[in-house]
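I set out to record the side-chain contacts in this entry. The notes follow the order in which I looked them up.

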Amino acid sequence: MQAIVDDHGLATGIKTLGHHYDIVAYANIRGYTISLPEWGRYVAMDALQASDAEIALMQQADPAHWSWAFRQLSRWRLLLMDGAGSEGLLGPADLSVPSQPTIHDGSSSVPSMPLTDDQKDAALRSFIELVRSRPDLKDQVKGARTQDEVIALADQQGFFIDSLTLLRSWSQVSDFSKPTWFGWFDD
């Protein structure tokens with residue numbers, strides 16, 4: 001941990017890292033033997049000493065920003081220049097209670113109790129059928145880079161699904177010989 005503080009070359013190397021796994025891999029490549037559990041324990045112990053404000057900044061760090069790795073440890077946060085304080089942070093989490101999901105019947109949305117797994121699975125199957133029938137929506141799904149983008153598209157169409165629904169139903173609706181969402185389509 002101290003080597004990053006002491007060696008500018010090592011410190012520069014962590015600027016591209018956006019995941020704890022990447023930090024462990026980088027350390028091992030550079031000759032510092034550490035396992036992922038050891039790293040996780042070290043980060044957790046360091047966080048116990050941090051203030052709530054420091055923890056908030058660490059948790060809001062954008063993994064795609066150069067400062068992410070530096071924000072993970074108190075020793076490394078000291079390397080950040082004063083101007084980096086709010087740069088590279090994601091917005092605050094929205095902790096409001098989400099509105100009740102709705103069941104989409106094809107013509108209108110009807111407020112309901114929280115959906116069961118079977119209802120979410122049926123919603124996913126219905127969404128996929130809709131996508132298959134609408135070229136514009138099919139292009140949007142094919143262009144999605146993350147499951148969250150697909151979930152948002154489904155929600156916009158009135159189909160409430162979540163990541164667990166995708167995971168649970170994946171093998172039933174996907175052709176694994178094709179990449180990601182392309183397994184939903186014949187072409």
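I began in helix α7, where Glu-129 and Arg-132 both lie, three residues apart, about one turn of the helix. The model is predicted, and I read it as such. The side chains of Glu-129 and Arg-132 meet in a salt bridge, at 2.9 Å from N to O. I then looked up accessibility: Glu-129 has a relative accessible area of 46% and Arg-132 one of 39%. Both values fall between 20% and 50%, so I noted the two residues as partly exposed.

I next checked the total and found four salt bridges in the structure. One of them joins Asp-162 and Lys-120, at 2.9 Å from N to O. This pair links distant parts of the chain: Lys-120 is in helix α7, Asp-162 is in the loop between α9 and α10, and 42 residues separate them.

I noted Asp-136 as partly exposed at 41%, and Arg-134 as partly exposed at 27%.

I turned to the rings and counted three aromatic pairs. Among them, Phe-127 and Phe-159 form a tilted pair, 5.9 Å centre to centre with 50 degrees between the planes. Phe-127 belongs to helix α7 (residues 117-133), whereas Phe-159 sits in the loop between α9 (147-156) and α10 (163-173), 32 residues apart. Phe-127 is buried at 0% relative accessible area, and Phe-159 also counts as buried at 7%.

Last, I located Lys-15 over the face of Trp-66, 5.6 Å from the ring centre.

Notes. Residues are numbered from 1 along each chain as its sequence is written. This is a predicted model: local features need pLDDT of at least 70, side-chain atom pairs count only at pLDDT 80 or more; totals for chains, interfaces and linings use all residues. Side-chain values use heavy atoms; hydrogens and water are left out. Rings of Phe, Tyr and Trp (its six-membered ring) pair if their centres lie within 6.5 Å; planes under 30 degrees apart count as stacked, over 60 as edge-to-face and the rest as tilted. Helices (H or I, at least four residues) and strands (E, at least two) are DSSP runs, numbered from the N terminus. Buried means under 20% relative accessible area, exposed over 50%, partly exposed in between (1.4 Å probe, protein chains only). A charge sits over a ring if NZ of Lys or CZ of Arg is within 6 Å of the ring centre and within 35 degrees of the ring normal.
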